[in-house]
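Subject: Structure handover

Hello,

I am passing a structure on to you. Please open it before reading the notes under it.

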Amino acid sequence: DCISDIANMRPASPHVVEHIMRLQAFLHQAGMRRVVRIVGKSDGARLASTQMDRSAAKAGYETIHVNTEAEAQFALSRD
């Protein structure tokens, strides 16, 4: 499981999404069950997160959205 901070990310191009999807599939196959995604309050990051959620669902793992690193640490510590 991991924490991914995308608070400053913007929506990705289709070419970049292909790479993200391959990475997500690899991580899930390696045992990752969930990712806690720090999205913050940026509209761009929220759009990017929605984009990444679609490919995460295809890869087969759970995503949890939070606003801060402290919230991410707490969410990851719960099982």
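The notes below cover confidence, then the sheet, then the helices.

This is a predicted model, in which local features need pLDDT of at least 70 and side-chain atom pairs count only at pLDDT 80 or more, while totals for chains, interfaces and linings use all residues. Residues are numbered from 1 along each chain as its sequence is written, and side-chain values use heavy atoms, with hydrogens and water left out.

The mean pLDDT (the predictor's confidence in each residue, from 0 to 100) of the protein chain is 89, and 99% of its residues reach 70 or more. Confidence is lowest in H2, at a mean of 84, and highest in helix H3 (residues 69-77), at 94. Helices (H or I, at least four residues) and strands (E, at least two) are DSSP runs, numbered from the N terminus.

Three strands make an open sheet, ordered S1-S2-S3, with parallel pairing (two strands pair if DSSP finds at least two bridges between them). Strand S1 (2-5) and strand S3 (62-66) are at the edges with a single partner strand each, so one side of each has no neighbour in the sheet. From one strand to the next, the twist averages 25 degrees. Strand S2 (residues 34-38) is joined to S3 by five bridges, and Val36 is opposite Ile64 in S3.

Axes are lines fitted to C-alpha atoms, for helices over the stretch in contact, and angles run from 0 to 180 degrees between N-to-C directions.

Helix H1 (residues 14-29) packs against helix H2 (residues 43-59) at about 40 degrees, with the axes 9 Å apart. Among the residues that meet there are Val17 and Ile20 in H1 and Met52 and Ala56 in H2.

Regards

Key
Contact means heavy atoms within 4.5 Å.
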